[in-house]
Amino acid sequence: MGSAGTTPGQCPACDGADFRLLFTASDRLYQTTSKRFHVVECTQCRLMQLAPQPTPADLESYYPKHYWFTPEKSAVGRLQNMYRRLVLLDHVRFVDRALRESQESGPVLDVGCGGGLFLRMLRDRWFHGIGLDYSTDAARAAWTSNNAPAAVGRLSQAPLPSGSCAAVTMFHVLEHLYSPRSYLLAAHDLLRPDGRLILQVPNAGCWQFLLLGSAWNGVDVPRHLYDFRPADLDLLLDSCGFEVLRRKYFSLRDNPAGLATSLAPSFEPVARRVRQDKEGPMTRLAKDLFYGVLVVAALPFTVIEAACQAGSTIMIEARKKT
Ligand SMILES: [Zn+2]
């Protein structure tokens with residue numbers, strides 16, 4: 001393909017200039033725009049990306065307000081909060097193990113910290129964490145809801161000296177960036193010599209993408225500017241000076257709920273709130289219950305998929321190459 005404005009100029013991974021159209025899609029989940037977008041693949045290295053890349057102002061309008069989670073004080077809100085803590089344990093344990101094995105001291109910098117629940121759970125394990133988020137509202141929520149210190153800005157502006165962090169964590173960040181490479185290089189600079197980079201992104205090499213195509217929620221058009229397969233990440237990390245130590249393809253928070261959302265996006269609780277769907281308390285409860293049942297039903301498939309290294313997310317531990 002090649003019509004002006006629909007293809008990127010150059011592949012950021014291999015500098016290739018030839019792209020193949022994979023599919024066309026709109027904002028299926030939050031319906032922030034009716035525009036349609038192409039997802040293309042580099043014919044040389046197969047890295048997938050959104051085309052054309054939205055301007056920063058357009059991209060901002062595709063992020064609904066309160067994109068992250070802030071707990072409500074109701075009984076349902078408390079239950080949701082308990083659920084969020086339970087399913088986030090996976091992430092906390094992954095980082096806990098990386099920190100114990102590296103034995104570096106210094107803070108954990110959580111990039112894209114949202115409401116700060118992860119930082120709070122790290123603190124419960126005696127790890128000192130600092131949040132960074134592009135959104136002022138998110139950083140404020142991290143301070144007020146979870147008592148977690150958080151700054152606003154890009155990673156290159158992080159208020160920390162070079163070589164000071166025991167770990168830099170980026171959960172579902174890289175796929176949202178114009179330049180994933182610049183963030184990886186900034187993380188490399190911030191890390192202590194044996195510090196650890198922990199990343200998590202949707203895995204475009206998963207079975208769900210093969211089966212569902214553009215309906216797979218991991219492509220999340222138009223918020224995801226890149227869609228990575230494991231080989232893309234290996235190449236990118238290697239070129240930014242990292243070696244991969246560990247990969248995990250299952251996330252209790254993301255994989256089953258991701259499949260449920262792919263199959264029934266109109267039932268996803270955050271999306272319903274963001275879209276301001278009009279629903280009475282009984283309808284709301286019924287939809288929440290239906291979605292919950294779907295998440296549980298999705299569990300066996302997502303566990304098998306992950307066991308075959310084709311889970312719908314990938315979490316990676318990496319360290320600086322020596
Ligand atoms: Zn390429």
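**Exercise 1.** Determine which arrangement the four donor atoms form around the zinc ion.

*Solution.* Start with the donors (N, O and S atoms within 2.8 Å of the metal, or 3.2 Å for Na, K and Ca; water is not among the atoms, so sites may look incomplete). In this predicted model, they are the SG atoms of Cys 11, Cys 14, Cys 42 and Cys 45, lying 2.3 Å from the zinc ion. Next, take the angles: the four donor atoms subtend 99 to 114°. Four donors count as tetrahedral if all angles lie between 85 and 135 degrees. The arrangement is therefore tetrahedral.

Two conventions apply. Local features need pLDDT of at least 70, side-chain atom pairs pLDDT 80 or more, while totals for chains, interfaces and linings use all residues. Residues are numbered from 1 along each chain, and side-chain values use heavy atoms, without hydrogens and water.

**Exercise 2.** State which parts of the chain Cys 14 and Cys 42 tie together.

*Solution.* The donor spacing is C-x2-C-x27-C-x2-C. Cys 14 lies in the segment before β1 (19–25), and Cys 42 in strand β2 (residues 37–42), so the pair joins parts 28 residues apart in sequence. Strands are DSSP runs of E, at least two residues; helices are runs of H or I, at least four.

**Exercise 3.** Classify Cys 14 and Cys 42 as buried, partly exposed or exposed.

*Solution.* Apply the cut-offs: buried is under 20% relative accessible area, exposed over 50%, partly exposed in between (1.4 Å probe, protein chains only). Cys 14 has 23% relative accessibility, so Cys 14 counts as partly exposed. Cys 42 has 1%, so Cys 42 is buried.

How values were computed. Tetrahedral: all angles 85-135°; square planar, octahedral: opposite > 155°, others 65-115°.
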